[in-house]
Amino acid sequence: MFYHSLFYDSTYILVIIGAIISAIASWNVNSTFKKYSKVRNSRNITGRQAAEMILQSAGIYDVTIERISGNLTDHYSPNEKVLRLSDSVYNATSVAALGVAAHECGHAIQHQVDYGPLTLRSISVPVARFGSWLSWPLILLGIILGRMPLAELGIILFIGVVLFQLITLPVEFDASKRAIKILDGNGILGGEELTGAKKVLSAAAMTYVAALFTSILQLLRLVLIVQGNGRRRS
Ligand SMILES: [Zn+2]
């Protein structure tokens, strides 16, 4: 089959490597979160309470805290000014829950202080979405029709997606850095508890690194495929 020979070549190994790295990162964050979900914080504060305390101490009063279903679906939406905490964070009094809640507050604080990478990331969201939606069809179409500029345009769009994942890294690392500083500074967590929260946030940050790495491998593969097809036709 044409499609078969097109996308199941030797470069498929790059996809497999990427999938393995992503799976390890995802397993790691889930198991670390699970481990520290069993450790209660000594002050018995819930994720929601911690988020309220942190936002107030940062002078943020216009951000709503909501509950969201799902596992590790916690996020801060800059457009809506809503901080959403998942079931295992919102009402939970674990060290893991407080780490995640503080991390999301870190994003709200980034928004408040106009942290550059967050602004850049927010602007890039629609571009990245458009790129990841259109890049594969363009590349496929370019190869099938033998129109290499079309395939190259697809690759440029995919580079945009990779760049988006790259600017996500400072945003995520900075939010966790702020979270740990606040949890420590406000005396919400201390000692061993703080170490646990740090481990959860580091594991979460690694999933973003893994996602970037996986995309770079995919990009490399796409370039190899397009180059190979270009050469065969010329
Ligand atoms: Zn985050």
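A: In this predicted model, the largest pocket has a volume of about 860 Å³. Its lining comprises 32 residues, and those that lie nearest its centre are Asp74, His75, Arg121, Glu172 and Tyr208. By class, 17 of the lining residues are nonpolar, 10 are polar and 5 are charged.

Helix H2 (12–37), strand S2 (75–77), helix H5 (95–112), helix H6 (116–145), helix H7 and helix H8 (192–233) each contribute at least two lining residues. The most comes from H6, which gives 9 residues to the lining.

The ion is coordinated by NE2 of His103, NE2 of His107 and OE of Glu172, at 2.0 to 2.1 Å. Along the sequence these donor residues follow the spacing H-x3-H-x64-E. Because His107 belongs to helix H5 and Glu172 to helix H7, this pair ties together parts of the chain that are 65 residues apart in sequence. Both His107 and Glu172 are buried.

Helix H7 spans residues 148–185 and also carries Ser176. With a relative accessibility of 11%, Ser176 counts as buried, because it falls below the 20% cut-off. Leaving out residues up to four places away in sequence, Ser176 touches His103 and Leu201; His103 is itself one of the zinc donors.

As a general point, nonpolar side chains in soluble globular proteins tend to be buried together. Here the largest nonpolar core has 36 residues, and Ile54, Leu55, Leu83, Leu85, Leu183 and Leu189 touch the most other members. At least two residues of this core come from each of H2, helix H3 (47–57), strand S3 (82–86), helix H4 (87–90), H5, H7 and H8. H5 supplies the largest share, 10 residues. A second, separate core has 13 residues, including Ile143, Ala151, Leu222 and Val226.

Asp62 is found between H3 and strand S1 (64–68), and at 45% relative accessibility Asp62 counts as partly exposed. From Asp62 to Val82 the C-alpha distance is 8.8 Å, although 20 residues separate the two in sequence.

Finally, the chain as a whole. The protein chain contains 8 helices and 3 strands, arranged along the sequence as α-α-α-β-β-β-α-α-α-α-α. Its C-alpha atoms fill a box of roughly 70 × 35 × 25 Å along the principal axes. Of its 234 residues, 44% count as buried. Among contacts between residues at least 6 apart in sequence, 73% join residues at least 24 apart.

Note on methods
Residues are numbered from 1 along each chain as its sequence is written. This is a predicted model: local features need pLDDT of at least 70, side-chain atom pairs count only at pLDDT 80 or more; totals for chains, interfaces and linings use all residues. Side-chain values use heavy atoms; hydrogens and water are left out. Helices (H or I, at least four residues) and strands (E, at least two) are DSSP runs, numbered from the N terminus. Buried means under 20% relative accessible area, exposed over 50%, partly exposed in between (1.4 Å probe, protein chains only). Contact means heavy atoms within 4.5 Å. On a 1 Å grid over the protein atoms alone, a cavity is a set of points where a 1.4 Å probe fits but cannot get out, and a pocket is an open set with protein on both sides within 12 Å along at least five of seven lines; lining residues have an atom within 4 Å of a point. Grid points are joined across faces, edges and corners, and a volume is the space filled by probe spheres set on the points. Ala, Val, Leu, Ile, Met, Phe, Trp, Tyr, Cys and Pro count as nonpolar, Asp, Glu, Lys and Arg as charged, and the others, Gly among them, as polar. Donors are N, O and S atoms within 2.8 Å of the metal (3.2 Å for Na, K and Ca); water is not among the atoms, so sites may look incomplete. A nonpolar core is a set of buried Ala, Val, Leu, Ile, Met, Phe, Trp, Tyr and Cys residues joined through side-chain atoms within 4.5 Å.
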